[in-house]
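Reader: I've got a model open on my screen and I'd like to talk it through. Can you take my questions one by one?

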Amino acid sequence: MTNPGTTSRAPAWTAGILGHASGLVTALHTAFVVLVVASAVRYLSGHGFGDQAPWVLGGAVVLLATYAAHRLLPSRLWLALLVAVWFGLVLVAPSFAWCAVPLSFVALRVLPFWPACAVVAGMVATTVVTWTRMTDRLDPTIVLGPVCVAVLAVGAYRALERDALARQALLDDLHAAQGDLADAQHRAGVLAERARLSREIHDSVAQGLSSINLLLQAAEHEWDDRPAAAREHAAQAAATARDGLDEVRRVVRDLAPAELASGPGEPALPGALRQTCERLAAHASVEVRVQVHGTPVPLGAEIETALLRTARGALANVLEHAAASTAVVTLTYQPDAVVLDVRDDGRGLPDRTGSTDPDRGRGLAGIRDRLRELGGTLVLESEPGEGTALAASVPLVRS
């Protein structure tokens, strides 16, 4: 650790191969200390406390102290001092040559690969020379043993380094892929939200404006001959505009339609359908009836909102385009699904082939998308002159 108020120094194991493999640090510390102590004991057991013993013991202490100073010195300066002290100690007591094994690993951790190899080769050469001088003959095992140990150490570290680099490359690729995935999910979320808002605006603002347009057209036609009826149409247009404003505010806050407000656990959809149909049919020439089959149960805000807006969209099409005299809205509660049917006796859907109006048909597409998000389906049947039938089905999830 760095003391407060002092200049931070990089740890000794940061520049070289597997510099962050902290699991090897303890093993290196232990091996180095054990080998230094064992080499000192071996020297004393063979030479006793002769003239050179104080120098050997002092050198061993300096070597251990230098090794312990790795947090206080720059890593390469620390390694240079460590190798220099070891070199001088080996010239006096060749038994300390065994300390070259952990020092080789230290060099491989501190230095880049090729400079580390040069340091290891120098320590191998020093070991071979000192042992050969001590035995007064050229022993192949003395030459080949340190060389083989050095080659195995360097080769193992090289393989570990390559594996570490490969794993790091994979991690970098994974992080990049995660970033790309997050961007793609963000874009998909933006597109989905735009589609949702488009549907919400169509099913609230657009339908309300369509009703206001019909009411104002009726008021304009009756303004001279039936001023009281015209004023009534204008008042209804104003009320519809106020309702539309409230609906826009609720869409912005992502709330369910106001008609679906009810007590907790109460099925709000049947009453909301009746209220919507009564309001739409109050100033139209179409008779709208609501039928409910089965036992009403709470469906959840998403399903109830989707079905109510499906009914609104279908009835808006009936009032504006179908020229129908009767429309029947049927809500059926089944054990595993809820089904909404809207049927009229109008002229049916016209052929839209070649139509240049880009706004026609968006309502049905929005209804279909909303139902699909809930796992539901939309079926539309129509024949010219025989009316139109729309069936929306949403599955129910039982807990």
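Reader: Which element of the chain has the lowest mean pLDDT, and which the highest?
Author: Keep in mind that this is a predicted model. Over the chain the pLDDT averages 76, and 76% of the residues score at least 70. Among the elements, the lowest mean, 74, belongs to helix α6 (residues 140-222), and the highest, 93, to strand β3 (residues 337-344).

Reader: How many contacts beyond near neighbours in sequence does the stretch 352-361 have in the model?
Author: Residues 1-19 have a pLDDT below 50, and that stretch has 42 contacts beyond near neighbours in sequence. Residues 352-361 are also below 50 in pLDDT. For that stretch, the count beyond near neighbours in sequence is three.

Reader: Are α2 and α3 roughly parallel or antiparallel?
Author: Helix α2 (residues 53-68) packs against α3 at about 165°, with the axes 10 Å apart. Angles over 145 degrees count as roughly antiparallel. So α2 and α3 are roughly antiparallel.

Reader: How many charged residues are in the contact of α2 with α3?
Author: On the α2 side you'll find Val56, Gly59 and Thr66, among others, and they meet a set in α3 that includes Trp78, Leu82 and Trp86. By class, that contact has twelve nonpolar residues, two polar and, for charged, none.

Reader: And what is the handedness of the crossing where α3 passes α4?
Author: Helix α3 (residues 75-92) and helix α4 (residues 100-110) pack at about 160°, axes 11 Å apart. They're therefore roughly antiparallel. As α3 passes α4, the crossing is left-handed.

Definitions and conventions: Residues numbered from 1 in each chain as written. Predicted model: local features only at pLDDT ≥ 70, side-chain atom pairs only at ≥ 80, totals over all residues. Heavy atoms only, no water. Axes fitted to C-alpha atoms, helices over the stretch in contact; angles between N-to-C directions. Helix = DSSP H or I, 4+ residues; strand = E, 2+ residues; numbered from the N terminus. Parallel < 35°, antiparallel > 145°, perpendicular 65-115°, else oblique. Left-handed = near helix turned anticlockwise from the far one by under 90°. pLDDT = per-residue confidence, 0-100. Contact = heavy atoms within 4.5 Å. Nonpolar A, V, L, I, M, F, W, Y, C, P; charged D, E, K, R; others polar.
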